[in-house]
Amino acid sequence: LLHCLPFPMLGYLAVDLFFLLSGFVLARGYGDILSDPGQRRRFAISRVIRIEPLWLVSLAIAMLPTAGMVLFGWGYWTPGVWLLAVVSAPFFILLPYDGWGIPLNQPGWSLAYELLANVVLLVIGARRWPVWAVVLIAGPLLLLGIKQWTGADDTGWMTMTGNIPRVLFSFFLGVILYRLWRGGRVPRFGAPAWLLLLAPAPLYFYAGPHLKAYLALVIFVIHPLMIWLGASARPTGGVARLASWLGFISYGVYVLHAPVIMLVEGLRFLLWNNNAQGYRPDLWTAGLVVPITLVLAHWLTVRVEMPLQRWLKARFLPRKAG
């Protein structure tokens, strides 16, 4: 919604929640076995198999509208930029256009930093003191980045130097939360699952004063609380099925929504507003982007990603010991 609606919201905070959740989930799946060299190799291959298939599909979709941007002289898009973006995007290489990002599919910048956190996890595992050291170093740097943030991408929290502590703090705080949750040393208290599903809506529509303090409050307090409540929740019935489906399509939604937006907005541009300099997104296109993205994410996950992942795992993943 942040990317396809013409009014501001704090949807970018969901990226920090994603990093936190990713640390929790990967610590649960791999934290106790990464001391084994064979399991480290398995982890690295598994992450590539998990991330790349739908990412490559999303890049293929994005090539058409970005080629149109080149044709119409849209912003920084030139034939050279387009070729560089196409060649570099599969490898999550950040380019200095419109800030440091992945021009072919902009949300991929967060996946690039996610992979950085995965590499650090691969090196230090989920061991207590190295993980705490990362969080205690990254936390103050993240606060400094938020303090220096001007509301644009030119300094502080939203830059390359700001994003490194941003991902390392939340990701490894997620690892710590999992260790505490598994160890049972802190009470497990849940919340109604339907309430957790609705929580981001008011959370990310904040428009009050003291924005920087609010960002810090959400990242350092509210997000960890949401993960803890979610881990302890026990959804049932329709809520459980909805949550399961949302998790099933979530990666597809994340990597596909920007190419879908570019396609929909590109068609509107061609049909109604052929002016690259004064073009602005329109509210009604969100009504197309959301259902198209949901349907496409579900279909591609079932028809493309899952079969391809099964084949890749059988081909490249070493078999687990009996």
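This is a predicted model: local features need pLDDT of at least 70, side-chain atom pairs count only at pLDDT 80 or more; totals for chains, interfaces and linings use all residues.

1. The largest nonpolar core holds 75 residues, and the members that touch the most others in it are Y12, L13, W55, L121, W157, F172 and V175. Helix α6, which covers residues 160–183, gives the most to this core, with eleven residues.

2. Leaving aside residues up to four places away in sequence, L121 touches L26, L34, F43, A126, F171, F172 and V175. Apart from this there is a second, separate core of seven residues, among them L5, V260, V264 and V289.

3. The axes of helix α1 (residues 13–30) and helix α9 (residues 211–232) come within 10 Å and cross at roughly 45°, and the two helices are therefore oblique to each other. The crossing of α1 past α9 is right-handed. On the α1 side the contact uses L13, D16, L17, L20, L21 and F24, and these meet L215, V218, I219, H223, P224, M226, I227 and A231 of α9. Sorted by class, this contact of α1 with α9 has twelve nonpolar residues, one polar and one charged.

4. Helix α2 (residues 37–71) packs against α3 at an angle of about 160°, with the axes 9 Å apart, and α2 and α3 are therefore roughly antiparallel to each other. Here too the handedness can be stated: α2 passes α3 in a right-handed crossing. M63, T66, A67 and V70 of α2 make the contact together with P79, W82 and V86 of α3. The residues of the contact of α2 with α3 comprise six nonpolar, one polar and no charged.

5. Two backbone angles call for a closer look, because most residues other than glycine have a negative phi. F92, although not a glycine, has a positive phi of about 55°, and its place is in the loop between α3 (79–88) and β1 (95–96). Is F92 buried or exposed? With a relative accessible area of 9%, F92 is buried.

6. H210 likewise is not a glycine and has a positive phi of about 55°; this residue lies in the loop between α8 (200–203) and α9. At 66% relative accessibility, H210 counts as exposed, whereas F92 is buried.

Conventions: Residues are numbered from 1 along each chain as its sequence is written. Side-chain values use heavy atoms; hydrogens and water are left out. A nonpolar core is a set of buried Ala, Val, Leu, Ile, Met, Phe, Trp, Tyr and Cys residues joined through side-chain atoms within 4.5 Å. Buried means under 20% relative accessible area, exposed over 50%, partly exposed in between (1.4 Å probe, protein chains only). Helices (H or I, at least four residues) and strands (E, at least two) are DSSP runs, numbered from the N terminus. Contact means heavy atoms within 4.5 Å. Axes are lines fitted to C-alpha atoms, for helices over the stretch in contact, and angles run from 0 to 180 degrees between N-to-C directions. Angles under 35 degrees count as roughly parallel, over 145 as roughly antiparallel, 65 to 115 as roughly perpendicular and the rest as oblique. A crossing is left-handed if the near helix is turned anticlockwise from the far one by less than a right angle, and right-handed if clockwise. Ala, Val, Leu, Ile, Met, Phe, Trp, Tyr, Cys and Pro count as nonpolar, Asp, Glu, Lys and Arg as charged, and the others, Gly among them, as polar.
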